[in-house]
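I opened my notebook to go through this one piece by piece. Here is what I had on the screen.

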Amino acid sequence: MVMDGSVNKSAEMSMLEALLASAVDGIITIRADGTIVSANPAAGALFKYGQEEFTGRNVKFLMPEPYQGEHDGYLASYLRSGDKKIIGIGREVQGLRSDGTVFPMHLSVSEYIVDGARFFTGIIHDLSERNQTERALQHALKMDAIGQLTGGIAHDFNNLLTVIIGNLELLEMRIESSAERDLISEAQEAAELGARLTSRLLAFARRSPLEPAAIELNDLTLGLTEILHRTLGE
């Protein structure tokens with residue numbers, strides 16, 4: 001059975017349309033002047049436009065500034081000089097959705113000629129999820145580094161406070177003056193507050209399960225009054 005060329009061409013067009021419709025990434029084709037010829041359903045979902053809203057418009061409406069204002073100049077420069085910045089290379093750029101939100105995307109552009117007319121096809125891959133994953137990983141690494149630093153500092157301070165508290169207890173046994181004992185008592189309270197703070201820092205650094213408990217804020221504040229008074233003065 002022999003099929004004529006028109007039937008073959010029709011089948012090829014149907015296959016091409018099915019391929020574009022099923023593609024996960026956005027695919028947009030433009031003329032040499034930037035006018036959109038076609039856009040697949042994935043492009044419509046990505047930019048939040050209906051497919052009918054693409055055709056006939058300059059592709060720059062899908063770009064935020066300053067790229068929107070620079071696009072026609074870049075395209076004209078390429079047609080004049082052949083100097084490629086994205087075409088045939090691909091890079092990360094930004095896209096502009098219909099609701100005004102800007103998102104990161106990878107754009108790769110290919111060029112072809114049909115019946116003497118030049119066309120460009122852009123394949124667009126949304127990088128939002130990848131970038132969010134990278135930011136989450138960076139945040140986790142940063143928090144891990146902070147935890148390690150905090151743990152080291154808290155451990156060293158804890159050792160210092162242990163020495164201070166021990167010496168204050170020995171000194172208290174040798175002093176008989178009530179005024180001096182009061183000063184030592186205040187120093188011990190301050191050291192114990194510092195020890196509790198380092199304990200919390202160590203718990204944070206080790207990611208230990210915390211046990212929240214209700215406290216009387218007034219009593220805690222009043223307990224710090226003497227220490228703050230001596231530190232801050234009048």
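My entries follow, starting with the ground rules.

**Ground rules.** I'm looking at a predicted model, where local features need pLDDT of at least 70, side-chain atom pairs count only at pLDDT 80 or more, and totals for chains, interfaces and linings use all residues. Residues are numbered from 1 along each chain as its sequence is written, and side-chain values use heavy atoms, with hydrogens and water left out. Helices (H or I, at least four residues) and strands (E, at least two) are DSSP runs, numbered from the N terminus.

I looked up β3 (residues 91-96) and β4 (residues 102-114) and found them antiparallel, joined by six bridges. Strands pair if DSSP finds at least two bridges between them. I saw Val93 opposite Met105 in β4. Five residues sit between the two strands, and Gly100 in this hairpin has a positive phi near 90 degrees.

How much space lies in the largest pocket? I noted about 530 Å³. Of its 24 lining residues, Met63, His71, Tyr74, Ile86 and Leu107 are the closest to its centre. Helix α3 gives the most to the lining, five residues. By class I wrote down 17 nonpolar, four polar and three charged residues. Here Ala, Val, Leu, Ile, Met, Phe, Trp, Tyr, Cys and Pro count as nonpolar, Asp, Glu, Lys and Arg as charged, and the others, Gly among them, as polar.

Points are joined across faces, edges and corners, and the volume is the space filled by probe spheres set on them.

**Salt bridges.** I counted five, meaning a side-chain nitrogen of Lys or Arg within 4 Å of a carboxyl oxygen of Asp or Glu. In one of them, Asp72 pairs with Lys60, and their closest N and O atoms are 2.9 Å apart. This pair links distant parts of the chain, 12 residues apart: Asp72 is in helix α3, Lys60 in the loop between α2 (41-47) and α3.

Most residues other than glycine have a negative phi, and most peptide bonds are trans. Yet Lys48, not a glycine, has a positive phi of about 65 degrees, and I found Lys48 in the loop between α2 and α3. Pro66 lies in that loop too; a cis peptide bond joins Glu65 and Pro66, with omega about 5 degrees.

Technical notes. On a 1 Å grid over the protein atoms alone, a cavity is a set of points where a 1.4 Å probe fits but cannot get out, and a pocket is an open set with protein on both sides within 12 Å along at least five of seven lines; lining residues have an atom within 4 Å of a point.
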